[in-house]
Amino acid sequence: MTVDDIAQVAEIERQIFSIPWSEKAFRDSMESDNTIYIVAKENDNVAGYAGMYLSFEEGNITNVAVNPLSRRKGIGEKIVRDILNRAYEKGVRDVFLEVRETNSVAIALYEKIGFKEEGIRKNFYDKPRENALIMWKHNL
Ligand SMILES: CC(C)(COP(=O)(O)OP(=O)(O)OC[C@H]1O[C@@H](n2cnc3c(N)ncnc32)[C@H](O)[C@@H]1OP(=O)(O)O)[C@@H](O)C(=O)NCCC(=O)NCCS
């Protein structure tokens, strides 16, 4: 992801999420030394994106989304696998993420890639209020 991608990323974000990250939130996170932000492109347009916050050997996936028009073509799986590989190269060995407990599509994607549910954060999300599953992938 570069600063030139952020307007398209934020537009997809607004379409999908009830509490979207702002352009500033993406820019600030992307420019930090301890994050990885990537995009997938189709014909020069952003089709999907993922972000991770790194803390020593631990990574936290903070963003994963695919443009609704580009789904079910393997892009989501590809960007998650790609960000895990990039994190591994930076020394990360264990990665976790939070996901809405009713988001069965994303949960299926993460399970396919080897993440397992290890806990719940009660009422983690707003709009609507909902629990988060905490999913981990260990020993990348
Ligand atoms: C979750 C998301 C990123 C998946 O992106 P995608 O590019 O459509 O997914 P892929 O085509 O790479 O699919 C990979 C796997 O995900 C699962 N999956 C994807 N779409 C699915 C669907 N509609 N129903 C069930 N499983 C699905 C399957 O396990 C699939 O593997 P398969 O093709 O072998 O069955 C996308 O649906 C999305 O952006 N959702 C809204 C945002 C979101 O929920 N982000 C996660 C927040 S934690």
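In this predicted model, an N or O atom in the side chain of Asn103 lies 2.7 Å from an oxygen atom of the ligand, a polar contact in the sense of a pair of N or O atoms within 3.5 Å. Backbone atoms take part as well: an N or O atom of the Val66 backbone is 2.8 Å from a ligand oxygen, and a polar backbone atom of Gly74 is 2.8 Å from an oxygen atom of the ligand. Taken alone, the ligand exposes 920 Å², of which the protein buries 75%; these areas come from the Shrake-Rupley method with a 1.4 Å probe.

Around the ligand there are 21 residues, and those that come nearest are Val64, Arg72, Gly76, Asn103 and Lys112; a residue counts here if one of its heavy atoms lies within 4 Å. By class, this shell holds twelve nonpolar, three polar and six charged residues, where Asp, Glu, Lys and Arg count as charged, Ala, Val, Leu, Ile, Met, Phe, Trp, Tyr, Cys and Pro as nonpolar, and the others, Gly among them, as polar. Strand 3 (58-66), helix 3 (75-89), strand 4 (94-100) and helix 4 (104-112) each give two or more residues to the shell. Helix 4 gives the most, with six residues. Helices (H or I, at least four residues) and strands (E, at least two) are DSSP runs, numbered from the N terminus.

Two backbone details deserve a look. Most residues other than glycine have a negative phi, and most peptide bonds are trans. Phe56, in the loop between strand 2 (45-55) and strand 3, has a positive phi near 55°. Pro128 is found in the loop between strand 5 (116-125) and strand 6 (130-137), and the peptide bond from Lys127 to Pro128 is cis, with omega near -5°.

Residues are numbered from 1 along each chain as its sequence is written. Local features need pLDDT of at least 70 in this predicted model, side-chain atom pairs count only at pLDDT 80 or more, totals for chains, interfaces and linings use all residues, and side-chain values use heavy atoms, with hydrogens and water left out.

Methods: A polar contact is a pair of N or O atoms within 3.5 Å; within protein, one must be able to donate a hydrogen and the other to accept it, and residues adjacent in sequence count only if both atoms are side-chain atoms.
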